[in-house]
Amino acid sequence: MSKNPNDRHGSTIAAKASHFLDVHSGAVVPGIEPSTTYARDDRYNLINAANGYTRDDNPTFIHAERTIADLENGEECRLFASGMAAIAAIFYTLRPGSHVVIPDSMYWGAKSWLQTHCERQDIAITEYDAGDAQSIEVAMEGHTSTKIVWVETPSNPMMHVTDIAQAAEIAHAHGSMLCVDSTAATPVFTRPLDHGADLVVHSATKYLNGHSDVLSGAVVTREEHSLWQDLTQERHDAGALPGSFEAWLLLRGMRTLYVRVGAASANAQNIAEFLQQHKSVETVYYPGLESHPGHEIAKRQMDGGFGALLSFGVVGGKSAALAVASKLQLIVSATSLGGVETLIEHRHTLEPEENRIPENLLRLSVGIEQADDLIADLDSAL
Ligand SMILES: *Cc1c(COP(=O)(O)O)cnc(C)c1O
């Protein structure tokens with residue numbers, strides 16, 4: 001696991017999230033700042049120049065943003081109302097006539113929104129093979145205005161691994177920005193900015209918060225380039241911010257980020273190895289397995305584990321997969337990921353046919369329960 005610039009380990013940054021000492025009360029945890037507006041003095045100056053109106057900023061957001069920026073080794077961070085609001089804010093900065101390059105396999109909510117948005121805004125999209133960063137070069141051929149190369153690694157739900165450093169090199173050679181959706185990897189295992197990315201996006205709804213009770217998103221930048229200035233203005237003016245209670249819950253969740261994600265990832269590795277030798281399982285998609293085509297790249301850019309998401313194909317097709325999901329006693333069938341509880345999902349039911357999600361595929365978001373209990377549940381359902 002990697003260190004941050006001032007040499008504190010990420011687990012220390014997370015545990016100290018919002019490190020605070022209120023000189024008035026002695027509190028070691030910051031309060032929630034619910035006020036939307038802040039008073040001015042008799043000369044009409046703000047009493048505290050940092051606080052004017054909550055759509056600009058808010059002390060609770062700042063605690064969470066500083067923590068996420070430090071975890072990612074970035075310059076600055078902005079919180080958004082959801083992961084999708086964070087992703088949208090990046091693409092809102094593009095002008096008509098721009099071109100973007102996205103992976104063929106990625107979080108479906110983002111891809112589906114992008115297709116609609118880019119069509120309306122006359123922004124061209126080209127897809128590349130998520131498992132082969134070199135194919136980004138091909139996707140750029142014939143385009144002179146590629147503004148964003150998008151990477152999601154490991155990808156959802158097929159668990160493709162994209163080489164961030166290689167993607168960055170190609171993007172930068174074409175004057176384009178590299179944005180990485182690092183929701184699945186988390187800063188515990190990958191810090192994309194250290195591998196050359198310009199922006200990192202998180203659905204903070206997932207691992208950063210970790211308790212399936214907050215909707216939030218974050219963007220972290222390596223430096224304050226012009227896209228970042230446009231993006232922060234976009235958030236300020238269009239106002240896709242979370243509430244201060246959500247930001248506070250996120251801070252609370254992040255204090256245990258390393259122990260949660262470490263335990264969940266160790267469980268996922270155990271479960272992947274169990275599933276791989278099970279006679280009712282056809283294929284296991286998990287970058288921690290040596291058989292995974294992206295394993296070598298994952299070993300290079302993931303440090304300390306391979307994450308807690310995995311997918312597997314059940315022998316017997318769609319009906320067999322649905323039957324397995326329905327027989328589970330401990331593992332809950334539900335969408336989303338990144339919580340302390342293990343969830344299973346049949347993505348084929350939720351995505352359109354053209355996405356070619358195998359009908360027998362089940363995706364697991366592995367939680368922090370005892371691995372033996374999870375394996376026993378899967379074993380009896382299979
Ligand atoms: C969930 C998710 C998103 C969207 O985040 P929301 O908080 O649901 O808006 C984006 N990317 C990935 C990889 C996700 O898993």
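Predicted model: local features only at pLDDT ≥ 70, side-chain atom pairs only at ≥ 80, totals over all residues.
Figure 1. Leaving out residues up to four places away in sequence, Leu310 touches Met159, Ala268, Ile271, Ala272, Leu275, Tyr285, Tyr286, Leu362, Arg363, Leu364 and Val366. Leu310 belongs to strand β9, which covers residues 309–314. Its relative accessibility is 0%, so Leu310 counts as buried. Glu137 is 173 residues away from Leu310 along the chain, and the C-alpha atoms of the two are 28 Å apart.

**Figure 2. The largest nonpolar core.** This core consists of 81 residues, and Leu178, Leu310, Phe312 and Leu364 have the most contacts inside it. The element that gives the most to the core is helix α10 (residues 257–276), with 9 residues. Residues of both domain 1 (5–254) and domain 2 (257–381) take part, so the core lies between the two domains. Another core, of 25 residues, lies apart from the largest one; Ala85, Ala86, Cys179 and Trp228 are among its members.

**Figure 3. The two domains of the protein chain.** The domain assignment gives domain 1 as residues 5–254 and domain 2 as residues 257–381. Their C-alpha centres are separated by 26 Å. Contacts between them involve 34 residues of domain 1 and 38 residues of domain 2.

**Figure 4. Helix α2 and its ends.** Helix α2 runs over residues 59–71 and has 13 residues. At 1.5 Å a residue the helix should span 18 Å, which agrees with the 19 Å between its end C-alpha atoms. The N-terminal end of α2 is capped by Asn58, which has a side-chain oxygen 2.6 Å from the backbone nitrogen of Thr60. Buried residues of the helix are Thr60, Phe61, Ala64, Glu65, Thr67, Ile68, Ala69 and Leu71. Just after α2 comes Asn73, with a positive phi of about 60 degrees.

**Figure 5. Residues around the ligand.** There are 15 residues around the ligand, of which Met84, Asp181, Ser203, Thr205 and Lys206 come nearest. An N or O atom in the side chain of Asp181 is 2.7 Å from a nitrogen atom of the ligand. Ser203 has a polar side-chain atom 2.8 Å from an oxygen atom of the ligand. Gly83 takes part through its backbone, where an N or O atom lies 2.9 Å from a ligand oxygen atom.

**Figure 6. His295 in helix α11.** The helix covers residues 295–301. With a relative accessible area of 7%, His295 is buried. Apart from neighbours within four places in sequence, His295 is in contact with Pro287, Gly288, Leu289, Glu290 and Phe306.

**Figure 7. Cis peptide bonds at Pro154 and Pro157.** Most peptide bonds are trans. The bond from Thr153 to Pro154 is cis, with omega near -15 degrees. The bond from Asn156 to Pro157 is also cis, with omega near 0 degrees. Pro154 sits in the loop between β4 (146–152) and α6 (164–173), and Pro157 is found in the loop between β4 and α6 as well.

**Figure 8. Positive phi at Tyr44 and Ser212.** Most residues other than glycine have a negative phi. Tyr44 has phi near 65 degrees and is placed in the loop between α1 (10–15) and α2. Its relative accessible area is 60%, so Tyr44 is exposed. Ser212 has a positive phi of about 50 degrees and lies in the loop between β6 (199–203) and β7 (217–221). Ser212 counts as partly exposed, at 46% relative accessibility.

Key
Residues numbered from 1 in each chain as written. Heavy atoms only, no water. Core = buried A, V, L, I, M, F, W, Y, C linked by side-chain atoms within 4.5 Å. Buried < 20%, exposed > 50% of the residue type's maximum accessible area, 1.4 Å probe, protein only. Helix = DSSP H or I, 4+ residues; strand = E, 2+ residues; numbered from the N terminus. Domains from an automatic or database assignment. Contact = heavy atoms within 4.5 Å. Expected span 1.5 Å × (residues − 1). Polar contact = N/O pair within 3.5 Å; in protein donor to acceptor, adjacent residues only side chain to side chain. Near = heavy atom within 4 Å.
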